[in-house]
Amino acid sequence: MPTPAPSRVPAPQRRGTALRQQLAELRGPDVPPRPLDARALAALAANPGCGRRALLDGAGVDKAALAESLGSPSGFGQSQFAFMRGNAFEARVKANGGAELLRLTHGRLGGGPEPVPGESAVPDLSAAGPEGRAARTALALREATESGGWTLLDHPMLALDVAGTPAFLEPDAVVVHPDGGWTVVEIKSFPMIDGSADAAKVGAAARQAAVYALALEGVAERMEHPPRVRHHVLLVCPKDFSNFATASAVDVRKQLSVTRRQLERLTRVEDIAAGLPEGTTFDVRRPATELTAAVESVPATYAPECLAACELAFHCRDRARSEGEVTSLGRSIRGELGGLTTIGEVLSAALGTSGDPDDPAVATLRRAAGLRAEALAGAGASGGGPGC
């Protein structure tokens, strides 16, 4: 009797494929994913505890369109004037084969003999599509490292794996030093006055540059002899309020570490999605009430800094205020209050009607409330007259 043919067991579905299908269902049928860029990834690193943003960005949801559908249009974005000013400054810095940019790189980071104007390489990185440009960039980086000279890569294309799919990133520039090191260059139009710039803007630029550095590390790891991706990036800004350029070396090791952790979290967005009600969708074509319920089903961690980095910030701020969340007052205040998560709990603890008196946060609040009461009593006793 012939042996029956063994039944064909379907091969287990690859995890990346299953994840992409799950995210596509959340995004909505026939809705193309919105690609992640370095600004979005940097914003994720700035607020790593926000599951809402992690899920929406991982699924490729257009958050600006979602905010519009929710009735809380986004005010996030760059003005046309700032965009044009930034482009003009960048063109000035990169003029003459990037002579000024390479001079600043050598002056702040070294890495070889002083570059000679006109003798540095500026390879052509044009190719068909982002995949082609990324491949051409990788080849140019390899050739530049082997050449042993100064090379400026103007707007290279880098690929970074995000939630199982490649995100294509385009830094302002990457410099290859004669010693073989690679440096990310961020060119910004905000001024650097007396050698320093606005700390918040520098921090945002550092987080964005860290995303590029992480993608560069991926290119380096695929080479036979991996070169060194420098952990100091070059931040180029206008000097004071002029059109002349100055630069500063910014250490992004901390930002690199945070970005790595956040990307690892993004690759597990299916864990966040598993807790959603069945049939949840963020398809912006659905009714506002349905979208509101879907968005509110994902926990968010709002902070005032979100207003400069996330399209859903207005919606999340309104919800945080209506629920009395202390995060709406800022992360530093939230950290000082320990287990007190709402403004109602804070006031109750300060008045002595709730809270553990041995809790340092509760004790500090009660002490502050007592001092305030004493100050108000003293002001009342003085009469508050003109002669006081």
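Predicted model: local features only at pLDDT ≥ 70, side-chain atom pairs only at ≥ 80, totals over all residues.
Why is helix 2 (residues 38-46) largely enclosed by the rest of the structure? I looked up burial first: seven of the nine residues of helix 2 are buried, so the helix is largely enclosed. The buried ones are Ala 38, Ala 40, Leu 41, Ala 42, Ala 43, Leu 44 and Ala 45. My cut-offs: buried means under 20% relative accessible area, exposed over 50%, and partly exposed in between, with a 1.4 Å probe and protein chains only. Helices (H or I, at least four residues) and strands (E, at least two) are DSSP runs, numbered from the N terminus.

Residues are numbered from 1 along each chain as its sequence is written, and side-chain values use heavy atoms, with hydrogens and water left out.

**Cavities**

I found two cavities of 30 Å³ or more, and the largest cavity holds about 50 Å³. A cavity here is a set of points, on a 1 Å grid over the protein atoms alone, where a 1.4 Å probe fits but cannot get out; lining residues have an atom within 4 Å of a point. Grid points are joined across faces, edges and corners, and a volume is the space filled by probe spheres set on the points.

Which residues line the largest cavity? My list reads Glu 186, Val 202, Ala 205, Ala 206, Ala 209, Val 233, Leu 234, Leu 235 and Val 250. Helix 7 (199-221) and strand 6 (232-238) are the elements that give two or more residues to this lining. Helix 7 gives the most, with four residues. By type, I get eight nonpolar, no polar and one charged.

**Salt bridges**

How many salt bridges does the structure hold? I get 16, taking a salt bridge as a side-chain nitrogen of Lys or Arg within 4 Å of a carboxyl oxygen of Asp or Glu.

I opened up a few of them. Lys 63 and Asp 57 pair at 2.6 Å, N to O, and both are buried. Those two also belong to a salt-bridge network that links Arg 53, Asp 57, Lys 63 and Glu 311.

Arg 103 pairs with Glu 100, with 2.6 Å between the closest N and O atoms. Both sit in helix 5 (residues 80-109), three residues apart, about one turn of the helix. An α-helix has 3.6 residues a turn, so residues three or four places apart point the same way. Arg 103 is partly exposed at 43% relative accessibility, and Glu 100 is partly exposed at 28%.

Glu 217 and Arg 260 form another bridge, their closest N and O atoms being 2.7 Å apart. Glu 217 lies in helix 7 and Arg 260 in helix 8 (residues 253-266), so this pair ties together parts that are 43 residues apart in sequence. Buried or partly exposed, I asked of Glu 217? Glu 217 counts as buried at 14% relative accessibility, whereas Arg 260 is partly exposed at 33%.

**Positive phi**

His 155 has a positive phi of about 50° although it is not a glycine. His 155 lies in the loop between strand 1 (151-154) and strand 2 (158-162) and is partly exposed at 24% relative accessibility. Asp 240, also not a glycine, has a positive phi of about 55°. I found Asp 240 in the loop between strand 6 and strand 7 (245-251), partly exposed with a relative accessible area of 30%.

**Helix 11 to helix 12**

My last stop was the loop between helix 11 (313-322) and helix 12 (331-336), where Leu 329 is found. Leu 329 is partly exposed, at 46% relative accessible area. Ser 328 is in that loop too, but Ser 328 is buried, at 17%.

Methods:
1 Å grid on protein atoms, 1.4 Å probe; cavity = no way out; pocket = protein on both sides within 12 Å on 5 of 7 lines; lining within 4 Å. Nonpolar A, V, L, I, M, F, W, Y, C, P; charged D, E, K, R; others polar.
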